[in-house]
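This report guides the reader through selected features of one protein chain. Please keep the sequence and the model in view while reading.

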Amino acid sequence: MVKAALTPGERAVARCDVLGEPPFSDESGLLYRPWLGPGFIATVEAISNWMRQAGMSVRQDSAANLIGRYEGTTPDARALLFGSHLDSVRDGGRYDGMLGVIAALEVVAGFHERGERFPFAIEIIGFGDEEGSRFPITMLTTRALAGVLEEDDPVAAFAELRDADGITVEQALAGVGLTPRGMATARRRKEDVLAYVEAHIEQGPVLEAEGRALGVVSAIAAQRRFEVKLHGQAGHAGTMAMSLRRDALTAAAEMVLAVERIASAGDDREGLVATVGSLRTWPGVVNVVPGDVTFTLDIRAGTIARRDVTVTEILTALEDTATRRSIEMEILPRENLLPSPCDPHLMTRLETAVADVTGQPARVLVSGAGHDAMIMARLVPMAMLFIRCERGISHNPAEAVMAEDVNEAITALTRFVRLFAEDYSKTQGRHSS
Ligand SMILES: [Zn+2]
């Protein structure tokens with residue numbers, strides 16, 4: 001019986017599925033692919049072979065990033081970069097990160113099959129440690145390639161970090177013949193690279209809710225985190241009259257609801273989200289009015305301005321509640337991450353490509369989650385394409401995509417490269433005239 005050939009989208013999904021099991025996972029029955037583990041090394045080997053079949057030369061840089069290169073019409077041409085991460089959290093999904101690499105591979109395989117070349121090279125990068133799934137640090141290999149490793153994480157600060165088995169970053173690198181100090185030499189020169197484009201599953205429910213296969217990212221969210229400490233008065237649950245209580249937990253309850261109400265009032269296109277993810281009470285027993293509560297607050301939006309207006313509104317609401325309930329409150333700032341805006345011109349081209357392929361104007365959305373792209377944006381103009389995933393579930397074995405969506409993503413990225421080539425020829429023409 002003759003089996004119909006797989007579409008590029010079907011092949012991409014099938015490859016991600018193959019890579020979801022041993023020997024490409026370090027555990028059987030679930031996917032766990034920590035940076036530089038046996039599954040990771042086997043994965044690099046498998047993808048290297050697929051890259052060679054797609055007409056690419058393959059190397060690993062000094063940070064163990066996997067890099068496939070499809071040459072342009074001239075040797076040493078500058079490169080348009082595609083990429084995402086190869087590592088996976090424990091019990092993760094098969095498409096987070098991996099799909100961005102494998103889908104880009106299908107784009108290049110198509111060019112190779114048709115003998116199509118561009119005045120620039122195309123490189124696909126498989127990054128190593130986006131998830132921080134092995135060591136308590138993330139995106140070392142991305143930072144190395146983007147040339148910001150030492151600025152963000154001096155060698156002394158990361159070389160001795162240990163995984164769950166007590167192995168240091170330095171020892172893990174030594175296992176593949178690399179060193180922490182040598183990682184920084186993976187740095188790419190700005191003059192050798194043109195742009196970075198990352199396809200990734202949305203990891204959220206927006207595209208599915210709107211019945212869309214693809215979305216174009218406008219920015220990776222600006223993030224702020226706080227720890228909020230409430231101090232009331234603990235007391236006997238049986239004897240302390242309701243009118244006399246200073247209950248830290250009922251105050252916290254009011255505050256959590258205020259956070260939800262304020263964040264919900266925003267336009268979801270602004271990517272505004274706010275979450276209380278952890279809450280602890282003291283003494284935390286059945287017969288004592290809670291005297292102390294500590295909770296976390298995580299606020300994200302596509303722009304600093306939108307985020308900080310909301311931060312102010314939320315903190316004001318918290319203060320009102322604390323004052324009214326005679327609760328002492330301490331708000332401790334924990335993190336303040338800048339947004340990574342996508343390059344407007346690349347976004348326009350990606351939007352055109354998506355509209356051409358899907359037949360409807362592209363949905364533009366903010367990425368609430370962090371990605372390799374936010375580090376790469378510090379080296380080169382960056383854009384991201386989101387692919388719908390089932391129920392927005394990620395970091396979970398239930399993560400799922402539809403092959404038709406992936407096929408549309410591959411077609412859109414292919415169209416994007418051709419649009420990019422048109423722009424590139426024009427600028428080159430201007431330079432040489
Ligand atoms: Zn990811």
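In which loop is the place of P23? P23 sits in the loop between helix 1 (8-18) and helix 2 (38-53). The structure examined here is a predicted model, and every value given below was computed from it. P23 is joined to P22 by a cis peptide bond, with an omega of about 5°.

A cis peptide bond also runs from W282 to P283, where omega is near 0°. P283 belongs to the loop between strand 10 (279-282) and strand 11 (288-289).

## Residues with positive phi

S326 is not a glycine, yet its phi is positive, at about 55°. This residue is in the loop that lies between helix 11 (304-324) and strand 13. Is S326 buried or exposed, or does it fall in between? Its relative accessible area is 44%, so S326 is classed as partly exposed, a class that lies between the limits of 20% and 50%.

R391 likewise has a positive phi of about 55° without being a glycine. Its position is in the loop between strand 16 (382-387) and helix 14 (403-432). R391 counts as exposed because its relative accessibility is 53%, and the class "exposed" requires a value over 50%.

## The largest pocket

Rolling a probe the size of a water molecule over the atoms shows where empty space is left. The largest pocket has a volume of about 680 Å³. Its lining consists of 28 residues, and those nearest its centre are M139, Q223, L337, G370 and M374. Two or more lining residues come from each of strand 7 (222-231), strand 13 (328-337) and helix 13 (372-376). Strand 13 contributes the most, with three residues.

By class, the lining of the largest pocket comprises nine nonpolar, eleven polar and eight charged residues. At least three of the lining residues come from domain 1 (8-219 + 340-432), and at least three from domain 2 (222-337).

## The second largest pocket

How much space lies in the second largest pocket? The volume is about 470 Å³. This pocket is lined by 25 residues, of which G204, V206, V273, V366 and G368 are the closest to its centre. Strand 9 (273-275), strand 12 (292-301) and strand 15 (363-367) are the elements that each give two or more residues to the lining. The greatest contribution is that of strand 15, with four residues.

Nine nonpolar, ten polar and six charged residues make up the lining of the second largest pocket. Domain 1 (8-219 + 340-432) and domain 2 (222-337) each supply at least three residues to this lining.

Definitions and conventions. Residues are numbered from 1 along each chain as its sequence is written. This is a predicted model: local features need pLDDT of at least 70, side-chain atom pairs count only at pLDDT 80 or more; totals for chains, interfaces and linings use all residues. Side-chain values use heavy atoms; hydrogens and water are left out. On a 1 Å grid over the protein atoms alone, a cavity is a set of points where a 1.4 Å probe fits but cannot get out, and a pocket is an open set with protein on both sides within 12 Å along at least five of seven lines; lining residues have an atom within 4 Å of a point. Grid points are joined across faces, edges and corners, and a volume is the space filled by probe spheres set on the points. Ala, Val, Leu, Ile, Met, Phe, Trp, Tyr, Cys and Pro count as nonpolar, Asp, Glu, Lys and Arg as charged, and the others, Gly among them, as polar. Domain bounds come from an automatic or database domain assignment. Buried means under 20% relative accessible area, exposed over 50%, partly exposed in between (1.4 Å probe, protein chains only).
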